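Here are my notes on the model, as numbered points. Please read them with the structure open.

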Amino acid sequence: MSCPICQKKTDPTYGLFCSRRCADVDLGRWLNGTYAVASSDPEDLENAAEALARTPSSESHGPH
């Protein structure tokens, strides 16, 4: 089996990865949103829409 990050041979110490570095790269991708699990649950979609509505727009400069 090869490492999903760099394609080198995996090391059982690091599970699916060849090294701590590749395991950390994978974790970073999950944490910054590069990877995501899709959902078609209406409640998830509603929660995401509400979160976006609460996020300030990049074009908004606040009250003058």
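Is Arg 20 buried or exposed? Arg 20 is exposed, because its relative accessible area is 53%, and exposed means over 50%.

1. Overall make-up. This is a predicted model. The protein chain has 2 helices and 0 strands. Of its 64 residues, 11% are buried. The chain exposes about 5600 Å², and carbon and sulfur atoms supply 56% of that area. Among contacts between residues at least 6 apart in sequence, 5% join residues at least 24 apart.

2. The salt bridge. A search of the whole structure finds 1 salt bridge. The partners are Asp 24 and Arg 20, whose side chains meet at 3.3 Å, N to O. Both residues lie in helix α1 and are 4 residues apart, about one turn of the helix. Arg 20 is exposed at 53%, whereas Asp 24 has a relative accessible area of 40% and is therefore partly exposed.

3. Asp 26. Helix α1, which covers residues 20-31, also holds Asp 26. What is the nearest side chain of opposite charge to Asp 26, and how far away is it? It is Arg 29, at 5.8 Å. Leaving aside neighbours within four places in sequence, Asp 26 is in contact with Ile 5, Phe 17 and Tyr 35. I would read this point beside the next one.

4. The nonpolar core. The largest nonpolar core has 5 residues in all: Cys 3, Ile 5, Phe 17, Cys 18 and Cys 22. In soluble globular proteins, nonpolar side chains tend to be buried together.

5. Thr 10. This residue is in the segment before α1. Thr 10 is buried, because its relative accessible area is 19% and the cut-off is under 20%. Which residues does Thr 10 contact, leaving aside neighbours within four places in sequence? They are Met 1, Ser 2, Cys 3, Gly 15, Leu 16, Phe 17 and Cys 18.

6. Asp 11. Asp 11 is likewise placed in the segment before α1. Asp 11 counts as partly exposed, because its relative accessibility is 26%. Asp 11 and Met 1 are 10 residues apart in sequence, with their C-alpha atoms 9.5 Å apart in space.

7. Gln 7. The segment before α1 also contains Gln 7. Its phi is near 75°, a positive value in a residue other than glycine. Most residues other than glycine have a negative phi. Gln 7 counts as exposed, because its relative accessibility is 53%.

Definitions and conventions:
Residues numbered from 1 in each chain as written. Predicted model: local features only at pLDDT ≥ 70, side-chain atom pairs only at ≥ 80, totals over all residues. Heavy atoms only, no water. Buried < 20%, exposed > 50% of the residue type's maximum accessible area, 1.4 Å probe, protein only. Lys, Arg positive; Asp, Glu negative; His and termini not counted. Salt bridge = Lys/Arg side-chain N within 4 Å of Asp/Glu carboxyl O. Contact = heavy atoms within 4.5 Å. Core = buried A, V, L, I, M, F, W, Y, C linked by side-chain atoms within 4.5 Å. Areas by Shrake-Rupley, 256 points an atom, 1.4 Å probe, with all protein chains shown as cover.
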